[in-house]
Amino acid sequence: MWEYAPAPESRDIANLKPNYRMFIDGQFVEGAGEPLKTVNPGTEEVLAEVSTAAPADVDKAVKAARRAYDRVWGRMPGSERAKYIFRIARLIQERGRELAVLESLDNGKPIKESRDVDVPTAAAHFFYHAGWADKLGYAGYGPDPRPLGVAGQVIPWNFPLMMAAWKIAPALACGNTVVLKPAETTPLTALVLAEIIQQADLPPGVVNILAGAGDVGAAVTSHPDVDKVAFTGSTEVGKIIQRQLAGTGRKLTLELGGKAANIVFDDAPLDQAVEGIVNGIFFNQGHVCCAGSRLLVQESVADELLEKLHARVSTLRVGDPLDKNTDVGAINSREQLTKIQQLVETGDAEGAERWTSACPLPDKGFYFAPTVFSNVSQAMRIAREEIFGPVLSVLTFRTPDEAVAKANNTPYGLSAGIWTEKGSRILWAAQKMRAGVVWANTFNRFDPTAPFGGYQESGFGREGGRTGLEAYLDV
Amino acid sequence: MSDRISVAKTYKLYIGGAFPRSESGRSYPVVDAKGTFLANAAQGSRKDARDAVTVARKAFPGWSGATAYNRGQVLYRVAEVLEGRREQFIAEVAAAEGVAVKKAQSLVDTAIDRWVWYAGWTDKVATVLGGSNPVAGPYFSFSLPEPTGVVAVLAPQQSSLLGLISVVAPVIATGNTAVVVSSQDRPLPAVTLSEVLATSDLPGGVVNVLTGRTAEIAPWLASHADVNALDLTGAPESTRADLERSAAGTVKRVLRARPSEDFTREPDLARLRAFLETKTVWHPMGV
Amino acid sequence: MAAPTTSPSLPPALADAVRDDASLRRFLHGLPGVDQVGVEQRAAGLGTRSIKKASKMWAIDTAISMVDLTTLEGADTHGKVRSLAAKARRPDPERADVPKVAAVCVYPDMVETAVKELEGTGINIASVATAFPSGRSSLKVKLEDTAYAVDAGATEIDMVIDRGAFLSGRFGQVFDEIVQVKHACGDAHLKVILETGELATYDNVRRASWLGLLAGGDFIKTSTGKVSPAATLPVTHVMLQAVRDWHAQTGQRRGVKPAGGIRTTKDAIKYLVAVHEVAGPEWLTADLFRFGASTLLNDLLMQRRTQLEGHYSGPDYVTVD
């Protein structure tokens with residue numbers, strides 16, 4: 001047998017510091033909140049202590065953002081804003097390796113993903129939106145669309161830097177200023193992004209980055225002087241925020257959960273479908289709101305596909321996020337691991353057939369072996385609830401109509417996958433999907449030019465593309 | 001004055017292409033601007049609202065799946081029939097809103113023209129709001145606007161026809177189906193519009209019109225899990241925040257009321273965009 | 001269509017596939033398609049595996065043992081073949097522990113020389129045949145070409161398929177030729193060269209792979225080395241899927257040989273990773289995987305020295321033959 005020797009990326013590259021501070025009004029400052037300890041989910045060791053915000057700090061950040069909006073950023077010509085945003089894009093590229101290693105340390109995702117997906121996509125978002133800053137009049141929202149003011153943004157832990165980019169870049173391009181709160185378990189790359197913003201010499205207060213748990217997020221989203229709220233996270237919290245903002249007139253966009261169907265028709269390119277299924281549910285440990293967590297496979301190819309899938313999933317290497325050969329890294333937190341375990345137990349209890357990869361798992365850290373449930377029915381919790389982990393539920397269908405009906409039978413509607421070689425069937429199925437992103441013969445592709453966002457309880461508003469600008473303009 | 005006794009109309013609800021009375025058996029008197037009795041209107045209930053949502057959902061696949069050209073023709077047909085009822089609308093608007101006949105003429109004409117304007121949008125909105133995304137990779141990616149589903153519309157309280165048409169037309173032009181709660185005190189033009197819709201080629205269930213107490217019906221629509229979006233334009237101010245909170249229960253899209261919206265002004269695309277989703281599709285390019 | 005002589009125990013579905021021309025066409029066109037972007041992405045993804053230390057040393061030695069050391073030039077001479085054979089026997093004269101290569105690969109008229117030089121070494125003698133590289137001759141000539149090489153002592157025959165016939169849809173004809181060449185091989189192993197650079201699509205590569213396997217090829221091989229592109233990772237990927245699926249259906253393991261264009265250790269290791277993760281670890285043997293290469297061997301030797309000596313080596317420290 002050929003065992004790959006460990007090939008770890010050096011953690012020194014992350015320039016990890018013992019303490020991280022919040023970024024308010026152009027300065028790194030201590031918050032008055034209880035400092036939090038951020039943990040490496042791959043090893044369970046504490047990485048750093050991070051200062052967090054008390055309500056007064058949130059207030060300070062919003063005030064700074066308001067000042068920056070009124071005095072500088074809101075009135076700066078788009079062409080000047082553009083140059084600042086381009087600078088950020090370049091600085092992210094320059095410090096790409098550092099950011100990738102830091103992201104894998106803090107989040108637990110494999111280095112090959114932080115290196116090849118998260119960081120490049122983050123840079124691309126800034127680069128793309130920089131170009132919009134002086135062209136907003138051509139975006140289809142009237143000749144001179146105005147910014148909204150101060151944007152309060154709260155992001156999740158699954159793509160910490162990339163989500164920060166998705167939020168900050170369009171806000172700045174449209175002329176808003178920002179108060180951003182990264183997730184409690186993954187604050188580090190956002191705070192390094194703050195360093196980058198400082199290096200780019202953005203005027204103080206244009207971007208403010210806080211740290212803390214849900215209470216800080218709630219303080220940001222409910223702050224009366226915030227004009228626009230953008231939230232990515234669970235549907236549960238999204239509803240709370242929507243309720244909070246009811247009657248305030250503040251603009252809101254939500255990017256929430258999902259339970260995407262990945263439909264494989266009998267004429268699919270099966271080997272690539274297997275790759276797409278694997279990428280759809282095991283990418284980023286399945287911590288993806290648009291993960292293809294429900295596999296709908298046509299009965300006539302179900303056995304063959306499942307066999308290929310098991311074989312392929314068995315080759316996934318689970319372990320040290322910093323190892324360049326790791327395919328599936330660590331679950332982001334013990335809490336999330338427990339949640340996954342609990343949902344998987346309901347799958348067992350409700351009679352689904354569980355298959356788990358025999359891959360070895362590290363002794364320390366939060367890991368969960370890739371798991372595939374077959375004989376799943378729509379009524380089971382594992383087919384309805386977002387597991388947000390490396391767990392796939394396999395259902396079958398007989399006819400295209402049945403596939404569509406099952407795919408759409410969920411209150412969510414973020415994404416969907418279609419696998420078939422027949423062009424007309426692709427377009428038919430894509431049209432029938434009640435989902436904001438449809439990947440045909442591919443899965444989990446992201447690009448700043450392509451609008452992303454959900455139907456129904458997966459949220460509203462889009463990120464990316466011309467359409468995404470609407471969220472940050474007063475139109 | 002003729003000696004003939006005129007045939008008075010019974011004003012009913014419009015649900016699924018039919019004109020039922022309220023299941024509650026209730027009605028309420030409608031008076032003109034001077035307080036003179038005009039008619040009894042049906043006082044819709046939460047069950048009427050529920051029934052309307054059911055038929056609106058049932059009508060959604062057909063209406064959203066119809067070609068944009070077909071939707072355009074159907075809507076244009078509605079304008080043709082509206083034009084034929086011009087005199088009736090003028091009389092009803094004048095009575096309801098207490099404006100002079102000349103003003104009422106202008107409001108009705110603008111309303112009909114507004115309908116024609118939206119009829120023309122059905123097959124242009126995808127071109128204007130959609131497009132291809134030049135992604136960095138061997139994929140073709142495109143984004144299309146798609147209707148969000150069943151939209152509950154609380155029609156403006158003041159502008160009984162122009163306002164009504166200005167909020168209903170964009171909802172259905174983009175392929176949504178609608179459950180409309182008409183102006184509470186000025187519902188008669190809405191019922192007459194229903195009769196126009198019923199005699200045009202609009203499939204039953206695409207537009208459903210409830211008359212009655214807005215504050216009574218709206219909460220049931222705002223919390224209904226099978227309603228995708230909510231237009232708060234005609235919601236009484238004191239109820240708006242509560243309705244929005246209710247709507248959050250299933251993450252509905254909410255179009256908030258704009259302070260004293262002037263419906264005589266030429267609209268922008270905001271109402272067309274409000275109830276559209278963007279769907280992005282990706283496919284690899286290869287041999 | 002001739003009946004295949006080498007796979008008497010095909011499962012019914014596959015036996016049915018080769019019943020006549022029409023069934024063969026139906027079968028090949030019924031294979032699942034290959035999505036170009038998907039397979040290229042997967043191949044590129046596997047290419048990012050980082051093979052270090054002991055696993056790298058193992059890979060280098062395994063790769064050396066899989067090399068079909070090749071010379072296929074109009075300018076070949078007996079002298080050239082003799083020195084190639086010497087290299088095959090002892091790839092690194094200063095290091096006796098270097099494994100010997102799997103085979104030398106020459107034109108038919110050089111087989112006799114190679115046999116003489118390699119007697120008793122266990123190194124196979126591979127010969128290209130069947131009007132290599134174009135395959136544009138009569139079946140009679142191709143069979144005689146094969147017999148000539150086998151009679152001279154070749155233990156492995158690398159034949160080319162008739163790409164013209166394949167591209168014009170005459171699958172039965174291609175199948176028959178392979179069956180007959182296989183027959184002419186006797187005990188010699190048959191590698192079927194698909195010349196994937198001329199097949200143009202991955203769908204065709206998959207069909208040709210199955211055609212080669214159904215007709216009894218012991219190996220399917222990417223290229224002659226005379227057409228660009230020669231071997232690529234994604235093409236090899238598709239062929240590895242074919243032998244994996246063949247095994248799943250028949251229980252038999254058949255081999256894959258990428259040839260042409262693989263020059264560096266880094267490349268070779270990417271191929272081994274693909275073998276490991278696509279076909280499976282059972283394929284990591286010279287019986288089931290080969291590299292058709294000439295310059296690759298020296299790079300492998302150089303990297304082997306680097307691994308052992310702890311500093312970078314140079315081309316003057318390996319022999320040029």
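Figure 1. Chain C has a mean pLDDT of 95, where pLDDT is the predictor's confidence in each residue, from 0 to 100. A pLDDT of 70 or more is reached by 98% of the residues of chain C. The model as a whole scores ipTM 0.97 and pTM 0.96. Where pLDDT is low, the predicted coordinates should not be read in detail. This is a predicted model, in which local features need pLDDT of at least 70, side-chain atom pairs count only at pLDDT 80 or more, and totals for chains, interfaces and linings use all residues. Residues are numbered from 1 along each chain as its sequence is written, while chains are lettered from A and ligands numbered from 1 in the order in which they are written.

**Figure 2. Chain C, overall fold.** Chain C holds 14 helices and 8 strands. Helices (H or I, at least four residues) and strands (E, at least two) are DSSP runs, numbered from the N terminus. Its C-alpha trace spans about 60 × 45 × 35 Å along the principal axes. Of the 321 residues, 56% count as buried. A residue is buried if 20 or more other C-beta atoms lie within 10 Å of its own, exposed if 12 or fewer, and partly exposed in between, with C-beta atoms placed from the backbone. Among contacts in chain C between residues at least 6 apart in sequence, 74% join residues at least 24 apart. Two residues are in contact if their C-beta atoms, placed from the backbone, lie within 7 Å.

**Figure 3. Gly74(C) in its loop.** Gly74(C) sits in the loop between β1 (67–70) and α5 (78–89) of chain C. Gly74(C) is exposed, because 5 other C-beta atoms lie within 10 Å. From Gly74(C) to Asp321(C) the C-alpha distance is 17 Å, across 247 residues of sequence.

**Figure 4. Chain C against chain A.** The contact joins 22 residues of chain C to 20 residues of chain A. On the chain C side, α3 (36–46), α4 (53–65) and α13 (265–279) each give two or more residues. That side divides into 9 nonpolar, 7 polar and 6 charged residues. Ala, Val, Leu, Ile, Met, Phe, Trp, Tyr, Cys and Pro count as nonpolar, Asp, Glu, Lys and Arg as charged, and the others, Gly among them, as polar.

**Figure 5. Chain A, overall fold.** Chain A has 15 helices and 18 strands. Its radius of gyration is 22 Å, close to the 23 Å that the globule rule gives for 475 residues, so chain A is as compact as a globular protein of that length. The C-alpha atoms of chain A fill a box of roughly 65 × 50 × 35 Å, taken along the principal axes. Buried residues make up 64% of the 475. Of the contacts in chain A with a separation of 6 or more, 73% come from residues 24 or more positions apart.

**Figure 6. A mixed sheet in chain A.** Three strands form an open sheet in the order β1-β5-β4 (chain A), with mixed pairing. Two strands pair if DSSP finds at least two bridges between them. At the edges are β1 (19–20) and β4 (36–39) of chain A, each pairing on one side only. Strands β4(A) and β5(A) (residues 46–50) run antiparallel, joined by 4 bridges. Lys37(A) stands opposite Glu49(A) in β5(A).

**Figure 7. Chain A against chain B.** Chain A brings 39 residues to this contact and chain B brings 29. On the chain A side, α8 (235–245), α14 (423–432), β17 (437–440), β18 (459–460) and α15 (465–468) each supply at least two residues. The largest share, 5 residues, comes from α8(A). By class, the chain A side has 17 nonpolar, 16 polar and 6 charged residues. Strand β17(A) runs parallel to β10(B) (residues 276–284), with 3 bridges between them. Val437(A) stands opposite Thr280(B) in β10(B).

**Figure 8. A parallel sheet in chain B.** The open sheet has 5 strands in the order β7-β6-β5-β8-β9 (chain B), with parallel pairing. Its edge strands are β7 (207–210) and β9 (253–255) of chain B. Strands β5(B) (residues 150–154) and β8(B) (residues 229–231) are joined by 3 bridges. Ala152(B) stands opposite Leu230(B) in β8(B).

Conventions
The radius of gyration is taken over C-alpha atoms; the globule rule is 2.2 Å times the number of residues to the power 0.38.
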